[in-house]
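The sequence and structure are shown below.

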Amino acid sequence: MENSRKRIRISWFLLGVLPFVISLGIQIVAVMVGSEVTRDMGMYMVFYQVLAIPIFGLWYYLGEGKKQGFRSTKEGLRQGFGLLVVTALALQFGSSLFLIFAQIVMPGFMQEYLELVETSGLGSLTFSMIFYTVILAPIGEELIFRGVTMRYFKGASGKFWIANVLQAALFGLYHMNVIQGLYTFILGLAMGYAVRTYGTVTAGIVMHIVINGSGYLLMNVQIPAVFTLALEVAGAVIAVWGICKMKEKKRAEEEREMSEMTGDE
């Protein structure tokens with residue numbers, strides 16, 4: 001019996017890694033096909049998500065969607081929409097604080113990151129790159145990591161925190177560079193907690209859209225230096241506050257469910 005359980009857990013763990021591997025394969029196909037049509041990197045990535053979203057959307061639906069669905073109209077999510085937006089904005093400013101820290105302690109990796117941003121066209125004002133970054137990437141990546149991957153890791157470990165750390169680690173690795181990998185790991189943890197709190201991948205999609213959209217604005221809008229550091233520190237503090245509020249909400253829901261179960265008995 002114990003060996004059977006171990007085999008089941010190993011199978012669930014391998015299934016948790018599978019979406020990551022498949023997504024990389026789809027990216028390779030998208031670049032190979034896209035390079036025959038255009039040299040616009042944004043179009044490559046749009047094509048990638050056009051392929052990925054239906055695959056992982058169906059995968060999520062068959063696994064969790066029948067129980068949870070894309071319930072953006074769910075009462076709890078509607079009530080928590082403001083908290084999700086505020087927390088996401090705060091995380092974006094807080095991640096900027098991390099980049100300052102990285103510039104000091106990891107200048108070599110930071111230089112690689114800046115070169116990647118410049119050569120890949122991230123932050124460029126082309127329609128394809130904006131559409132990919134602000135709309136398609138949040139939907140596709142949340143389906144892959146918080147929608148599908150996290151569920152399998154939860155099945156493998158039986159514990160949410162382990163599943164959340166593992167999916168966030170893969171989310172960081174997915175970005176293929178040290179700096180982006182580190183701060184997307186933190187963002188992945190926060191979005192994983194939001195998905196758990198509200199019971200739907202839509203919570204992660206909302207946060208991801210806000211993070212990427214605000215990041216796009218910050219890359220193309222000049223903020224006076226005197227305000228930048230204050231906003232970044234405030235963002236880090238507010239982000240922690242937002243996650244704590246989500247934790248309180250989840251605890252209150254669990255206590256209410258326990259009370260209802262006790263009352264029924």
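## Basis of the description

Axes are lines fitted to C-alpha atoms, for helices over the stretch in contact, and angles run from 0 to 180 degrees between N-to-C directions. Helices (H or I, at least four residues) and strands (E, at least two) are DSSP runs numbered from the N terminus.

The model is predicted: local features need pLDDT of at least 70, side-chain atom pairs count only at pLDDT 80 or more, and totals for chains, interfaces and linings use all residues. Residues are numbered from 1 along each chain as its sequence is written, and side-chain values use heavy atoms, with hydrogens and water left out.

## Helices 5 and 8

Helix 5 (residues 127-157) packs against helix 8 at an angle of about 145 degrees, and their axes lie 8 Å apart.

Contact (heavy atoms within 4.5 Å) involves, among others, Met129, Ile130, Glu141, Glu142 and Arg146 of helix 5 and Val201, His208, Asn212 and Tyr216 of helix 8. The contact residues comprise 11 nonpolar, 6 polar and 3 charged; Ala, Val, Leu, Ile, Met, Phe, Trp, Tyr, Cys and Pro count as nonpolar, Asp, Glu, Lys and Arg as charged, and the others, Gly among them, as polar.

## Helix 7 and its partners

Helix 6 (residues 160-174) and helix 7 (residues 178-198) pack at about 140 degrees, with axes 8 Å apart. The two helices are therefore oblique to each other, given that angles under 35 degrees count as roughly parallel, over 145 as roughly antiparallel, 65 to 115 as roughly perpendicular and the rest as oblique. Their crossing is right-handed.

Helix 4 (residues 107-120) meets helix 7 at about 90 degrees, with axes 7 Å apart, which makes helix 4 roughly perpendicular to helix 7. Phe109, Met110, Tyr113 and Leu116 of helix 4 face Val178, Ile179, Gln180 and Tyr183 of helix 7 in this contact. Its residues divide into 7 nonpolar, 1 polar and no charged.

## The largest pocket

The largest pocket holds about 1400 Å³ of space. Grid points are joined across faces, edges and corners, and the volume is the space filled by probe spheres set on the points.

Of the 48 lining residues, Tyr113, Leu122, Gln180, Tyr183 and Met219 lie nearest the centre of the pocket. Helix 8 (residues 201-220) supplies the largest share of the lining, 8 residues. The lining comprises 29 nonpolar, 17 polar and 2 charged residues.

Note on methods:
Left-handed = near helix turned anticlockwise from the far one by under 90°. 1 Å grid on protein atoms, 1.4 Å probe; cavity = no way out; pocket = protein on both sides within 12 Å on 5 of 7 lines; lining within 4 Å.
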